[in-house]
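Colleague: Please take me through the sheet in this model, with its strands, the helices packed on it and the loops around it. Start with the surface of the chain as a whole, then go in.

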Amino acid sequence: RFPGVDLEDLLAGIDEVVARGWVDTTQIFIGGCGAGGMLASWAIGRSSRFAAATVRCPGNDWLALSPGPFGAETPAFFSRPWRQDRISWGDRSPLRVVGDVRARALVIAGDCRRGAPYDEGAEWFAALQLRGVPSALVRLQDECGAAARHPSNWLRTRQLILDWYHAFTPRTP
């Protein structure tokens, strides 16, 4: 039932560390790549706990994903193929909950990923922009999900993520 049950686990973990007093609840950030990017997108559309998110190479529309191990033919997450059950597949697409996103979102997408193409991230970004959600889109040329084809892109991506979170960290005078 991804991403639903995974979000429940994620939020339960956050509740636990918040209850222990280990985190500042105004500075909870989330990020992920590929399926993790999809989960991060789903999380900021279903929960208001997150101050900011980085969403890398997300497949935010189950119906538009390319076939493959995590694409439109994924039997592990659904009981029937999308051609037979478009409603369930659509209901669990993060694009469906973009209207509830409040967290600032940095979307990073590579232009050579077949399973979740650049357009998936661009579509998510456009929806955020239309709603006025502070967001940015970075397109990595000649890169796929992990931005690991070129070491400079791997480092640049990590720096972009850190800078994004740092920009939304409250500073004390």
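Modeller: The accessible surface of the protein chain is about 9100 Å², and carbon and sulfur atoms account for 54% of it. Keep in mind that this is a predicted model. The chain has 173 residues, of which 42% count as buried. Among contacts between residues at least 6 apart in sequence, 64% join residues at least 24 apart.

Now the layout. There are five helices and four strands. Along the sequence they follow the pattern α-β-α-β-α-β-α-β-α.

The four strands form an open sheet. Its order is β1-β2-β3-β4, and the pairing is parallel. β1 (29-33) and β4 (135-140) stand at the edges. Each has a single partner strand, so one side of each has no neighbour in the sheet. On average, neighbouring strands are turned by 10° against each other, direction ignored.

Look at the pairing of β2 with β3. These two strands pair in the parallel sense over five bridges. Within this part, A53 stands opposite A105 in β3. Helix α5 (residues 151-167) packs on the sheet and touches β1, β2, β3 and β4. The direction of α5 makes about 160° with that of β2. Helix α4 lies across β2, β3 and β4. It runs at about 165° to β4.

Next, the loops that follow the strands. C57 lies in the loop between β2 and α3 (86-91). Its phi is near 45°, a positive value in a residue other than glycine. Most residues other than glycine have a negative phi. C57 counts as buried, because its relative accessibility is 2% and the cut-off for buried is under 20%.

D111 sits in the loop between β3 (104-110) and α4 (118-131). With a relative accessible area of 30%, D111 is partly exposed. Leaving out residues up to four places away in sequence, D111 touches Y118, R139, L140, Q141, D142 and E143. Take E143 from that list: 32 residues separate it from D111 along the chain, yet their C-alpha atoms are 6.0 Å apart.

R49 lies in another loop, between α2 (35-46) and β2 (52-56). The structure holds two salt bridges, and R49 is in one of them, with D15 as its partner. The N to O distance is 2.3 Å. D15 is in helix α1, so the pair ties together parts that are 34 residues apart in sequence. Both ends are partly exposed: R49 has 30% relative accessibility, and D15 has 41%.

The side chains of R20 and E16 also meet in a salt bridge, at 2.5 Å, N to O. R20 is partly exposed, with a relative accessible area of 47%. E16 is partly exposed as well, at 39%.

V18 is partly exposed, with a relative accessible area of 30%. Together with W22 and V23, V18 makes a nonpolar surface patch of about 280 Å².

Key:
Residues numbered from 1 in each chain as written. Predicted model: local features only at pLDDT ≥ 70, side-chain atom pairs only at ≥ 80, totals over all residues. Heavy atoms only, no water. Buried < 20%, exposed > 50% of the residue type's maximum accessible area, 1.4 Å probe, protein only. Contact = heavy atoms within 4.5 Å. Patch = residues over 30% accessible without salt bridge, like charges linked within 9 Å, V, L, I, M, F, W, Y side chains within 5 Å. Areas by Shrake-Rupley, 256 points an atom, 1.4 Å probe, with all protein chains shown as cover. Salt bridge = Lys/Arg side-chain N within 4 Å of Asp/Glu carboxyl O. Pairing = 2+ DSSP bridges. Axes fitted to C-alpha atoms, helices over the stretch in contact; angles between N-to-C directions.
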